[in-house]
Amino acid sequence: MASRGGPMITGTDGTDFQHRQRVAAQYQISAVNKSRLKYCIFFHSLLFFVMLAKLSSDILDRLDIFVLEIEELQIPEPLWWEYIWCLSIFMSFIGLSAARGNRIRDMQKYVIGIGVTGFLPLLYCLIYYSSDVYEYLSADEDTDLEETDIFLWRGMPYGLFWYAFILVGFQIHGFSLFFAWNLVKAWKARGVTRKMQ
């Protein structure tokens with residue numbers, strides 16, 4: 001063990017560290033993107049619980065359970081895309097499992113699953129409420145919202161709530177897909193270097 005400022009090994013000036021082993025780039029990329037993907041999946045789970053709270057009224061009605069506090073909120077009936085989006089939480093388990101085992105095929109299934117169950121329902125919602133949001137944004141300041149065709153909940157345009165949800169959802173899913181795709185590329189690069197050795 002060398003001490004700071006102590007004797008140096010003969011024949012070296014201390015700059016011969018270039019030959020030492022370093023962690024390959026694909027392993028560094030893999031470690032960083034795994035960590036970031038886990039954060040994205042955590043935020044996806046939080047967003048899922050927000051959606052579950054919104055769907056709680058309909059779920060309890062289907063189970064024939066009456067809770068006065070929830071019924072007083074008068075939450076609008078859910079659309080089919082909301083339930084399809086909730087299925088995207090199952091893709092998170094596939095993504096976490098793939099990240100844990102460095103499995104390329106499972107990570108590709110995660111990417112496709114998030115695209116189908118995460119992005120497509122949000123895109124449908126974006127289009128579905130676009131007319132309400134456009135009408136609200138283009139209305140004059142003195143326009144009474146009750147007299148317009150805009151669907152309101154608690155005095156606010158319902159579409160704006162969904163647009164806020166969409167904004168967060170697109171960011172979470174977009175970053176998840178980016179990090180998952182980086183993992184797939186890094187794992188494929190690892191396989192190429194193994195074949196070359």
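The structure is a predicted model: local features need pLDDT of at least 70, side-chain atom pairs count only at pLDDT 80 or more, and totals for chains, interfaces and linings use all residues. Residues are numbered from 1 along each chain as its sequence is written, and side-chain values use heavy atoms, with hydrogens and water left out. The protein has 7 helices and 2 strands. Both are DSSP runs, numbered from the N terminus: helices are H or I with at least four residues, strands are E with at least two.

**Overall fold**
- Along the sequence, the pattern reads α-α-α-α-α-α-β-β-α.
- The protein has 197 residues, and 34% of them count as buried. Buried means under 20% relative accessible area, exposed means over 50%, and partly exposed lies in between (1.4 Å probe, protein chains only).
- Take the contacts between residues at least 6 apart in sequence: 74% of them join residues at least 24 apart. A contact means heavy atoms within 4.5 Å.

**His44**
- His44 sits in helix H1, residues 25-62.
- Its relative accessible area is 2%, so His44 is buried.
- Neighbours within four places in sequence aside, His44 touches Trp85, Ser88, Ile89, Ser92, Ile114, Ile172 and His173.

**Surface**
- Accessible areas come from the Shrake-Rupley method with a 1.4 Å probe; for residues, only the protein chains shown count as cover.
- Ile112, Val116, Leu120, Leu123 and Ile127 make a nonpolar surface patch of about 480 Å². Patch residues have over 30% relative accessible area and no salt bridge; nonpolar side chains (Val, Leu, Ile, Met, Phe, Trp, Tyr) are joined within 5 Å, like charges within 9 Å. A salt bridge puts a side-chain nitrogen of Lys or Arg within 4 Å of a carboxyl oxygen of Asp or Glu.
- Leu120, one of the patch residues, lies in helix H5, residues 104-128. Leu120 is partly exposed because its relative accessible area is 48%.

**Cysteines**
- The count is 0 disulfides, a disulfide being a pair of cysteine sulfur atoms within 2.5 Å.
- Cys86 has 9% relative accessibility, so Cys86 counts as buried.
- Cys125 is at 0%, so Cys125 counts as buried.

**From the record**
- An unreviewed UniProt entry lists residues 39-60, 80-98, 110-129 and 160-184 under "transmembrane region". Positions follow the numbering used here, feature names are shortened, and annotations may be inferred rather than shown by experiment.
- Residues 80-98 are 95% helix and 0% strand, with end C-alpha atoms 29 Å apart.
- Residues 110-129 are 95% helix and 0% strand, with end C-alpha atoms 28 Å apart.
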